Amino acid sequence: MVGKLVLIDGEHYPDVTAWAVERLGDVCCAVFLGGGEKIGDIGEVERRLQIPVYRGDDYISALEKAIVENGVTEVIDLSDEPVVDYEMRFRVASLCLRLGVAYRGADFLFTPREMKRPPKPSIAVIGTGKRVGKTAVGGFVARTLKEISRPLIITMGRGGPERPEVVDGESFELTPEFLAGLARQGRHAASDHFEDALTSRVTTIGCRRCGGGMAGFSFFDVVDEAVEMAKTMPHDLLIFEGSGASFPAYRAGAYITVTSALQREEYLRGYFGPFRLSLADLVVVTMAEVAGRERAERVAKIVREVNPGADVHLVTFRPRPLGDVSGKRVALVMTNELGIEPARRHLESLGAEVLHVSPNLSRRNLLRGDLASFRGVDAVVVELKAAAVDVVTLWALENGLEVIYFDNEPVNVDGKSLREAVLALGRSVLGGGR
Ligand SMILES: Nc1ncnc2c1ncn2[C@@H]1O[C@H](COP(=O)(O)OP(=O)(O)OP(=O)(O)O)[C@@H](O)[C@H]1O
Ligand SMILES: O=C(O)[C@@H](COP(=O)(O)O)OP(=O)(O)O
């Protein structure tokens with residue numbers, strides 16, 4: 001059964017709105033968005049329409065209440081500018097997608113994607129964009145929750161395998177030589193399921209995805225097959241890791257949304273930013289140190305405005321080398337220019353001498369030039385991403401150099417404890433509360 005809700009405003013005469021409502025048929029309620037040029041008072045609209053009219057200063061809360069109370073399946077927008085602007089419409093669309101309700105206007109239609117229930121307790125780690133630090137946070141969450149569970153990470157990525165692939169990071173050691181072998185077969189050996197298995201020593205299942213929609217769903221992916229496999233595995237907690245700004249279409253027990261203090265603000269406040277943020281129990285704002293305190297606080301404020309219920313953490317990343325760097329002359333290779341100086345300082349505090357750096361891990365041509373210029377090093381210290389295996393590891397092995405991969409460890413800069421927050425979230429999910 002279709003329960004239609006209409007969005008209306010005071011820029012239309014009540015007779016005109018009633019005329020449209022009659023033409024639609026089966027309208028169960030309305031939400032008044034504002035505007036008063038063509039109405040006396042709201043009671044007049046209510047009397048003319050003869051259906052409940054919800055309203056409030058916060059139109060999103062009024063709409064959510066109306067949808068839930070009336071079992072609405074479709075929201076139809078009979079409003080127009082200047083009452084609604086495009087930002088408002090995306091907020092309405094974000095709410096509708098979260099609640100699984102279609103949103104239709106004169107020349108647009110957003111249909112909700114079914115978000116399946118996972119077969120086991122689950123947490124999703126999703127991002128608002130590429131390289132905001134989702135894999136770093138996903139790995140951290142898995143490492144932390146190993147204390148109270150046996151987690152399994154399901155990743156998806158554009159470089160992921162066509163059939164879901166299990167990597168047993170609990171017992172199998174991923175060496176540079178092993179990853180180099182995969183790269184020689186033409187595989188993306190730095191894909192997230194290898195990175196997580198290596199950095200967090202947990203079992204992972206890697207999946208391919210192709211295409212990302214505006215709200216975060218992928219056009220094709222093989223996550224359903226991975227979830228089927230996970231059913232028969234002994235792990236008691238599933239961690240779904242998104243890819244770029246996309247994420248698996250599963251309704252996880254809890255959500256951690258990762259964004260960056262350098263993220264364009266309109267991607268948080270506007271478009272489908274509110275969808276990704278409003279799913280979250282916990283929001284991690286990364287790059288807080290390099291962005292500066294003021295900017296990080298501004299992003300945190302937007303997050304709190306969009307989702308007042310979320311626990312917001314401001315973090316920076318510190319490199320956590322997976323091998324000993326002390327006393328070694330090293331070259332540092334990363335995907336992001338901004339991370340270079342903080343990472344260099346930290347490696348030097350661990351006793352390494354950083355002779356060369358390259359921020360060009362995702363730009364293969366520039367990277368090859370950088371590698372050719374590196375002289376006198378014992379080891380290359382590199383993130384397991386992008387061209388870390390097919391270019392950097394192969395080059396290092398050919399030149400008899402040690403390869404030391406490193407993880408990006410989130411560290412709070414706001415005095416809070418992400419570790420404690422993750423443990424609390426994990427307990428609540430495992431306790432069956434979600
Ligand atoms: N101190 C730092 N300041 C800023 N950036 C940093 C710092 N340390 C590390 N970085 C960068 O943070 C990024 C974290 O990347 P990560 O792969 O975790 O993000 P992601 O959202 O999972 O990306 P993807 O969409 O590829 O899966 C890397 O590009 C890394 O170089
Ligand atoms: O291709 C993949 O498996 C991931 C990780 O890529 P790298 O971090 O290894 O580049 O990229 P995504 O599609 O999620 O942006």
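The structure is a predicted model, in which local features need pLDDT of at least 70 and side-chain atom pairs count only at pLDDT 80 or more, while totals for chains, interfaces and linings use all residues. Residues are numbered from 1 along each chain as its sequence is written, chains are lettered from A and ligands numbered from 1 in the order in which they are written, and side-chain values use heavy atoms, with hydrogens and water left out.

The chain is divided into domain 1 (4–110), domain 2 (122–318 + 413–430) and domain 3 (319–407), with bounds that come from an automatic or database domain assignment. Between the C-alpha centres of domain 1 and domain 2 there is a distance of 35 Å. Where these two domains meet, eight residues of domain 1 are in contact with 13 residues of domain 2, contact meaning heavy atoms within 4.5 Å. Together the two domains bury about 950 Å², and 68% of this lies on carbon and sulfur atoms. Here, buried area is the accessible area (1.4 Å probe) that two parts lose on being put together, summed over both. On the side of domain 1, Phe90, Arg91 and Arg98 lose the most area to domain 2, together accounting for 53% of what that side buries.

What kinds of polar pairing link domain 1 and domain 2? Three residue pairs are in polar contact between them, both residues being at pLDDT 80 or more. A polar contact is a pair of N or O atoms within 3.5 Å; within protein, one must be able to donate a hydrogen and the other to accept it, and residues adjacent in sequence count only if both atoms are side-chain atoms. Helix H4 (residues 86–99) supplies seven residues, the largest share of the side of domain 1 that touches domain 2. Helices (H or I, at least four residues) and strands (E, at least two) are DSSP runs, numbered from the N terminus. Zero salt bridges are found across this interface, a salt bridge being a side-chain nitrogen of Lys or Arg within 4 Å of a carboxyl oxygen of Asp or Glu.

Salt bridges do occur elsewhere, and the count comes to 31. One of them joins the side chains of Arg89 and Asp77 (3.0 Å, N to O). This pair links distant parts of the chain, with Arg89 in helix H4 and Asp77 in strand S4 (residues 74–77), twelve residues apart. In the loop between S4 and H4 lies Pro82, which is joined to Glu81 by a cis peptide bond with omega of about 10 degrees.

Now to the ligands. Around ligand 1 there are 21 residues, of which Lys134, Thr135, Thr335, Glu383 and Lys385 come nearest; a residue counts if one of its heavy atoms lies within 4 Å. A polar side-chain atom of Thr335 is 2.6 Å from an oxygen atom of ligand 1. Polar backbone atoms also approach oxygen atoms of this ligand, at 3.2 Å for Arg131 and at 3.1 Å for Val132. Arg131 sits in the loop between strand S7 (122–127) and helix H5 (134–145), and has a positive phi of about 55 degrees although it is not a glycine.

Ligand 2 has 15 residues around it, and Lys130, Arg158, Gly159, Ser191 and Ser243 come nearest. A polar side-chain atom of Ser243 lies 2.6 Å from an oxygen atom of ligand 2, and for a side-chain N or O atom of His188 the distance to a ligand oxygen is 2.8 Å.
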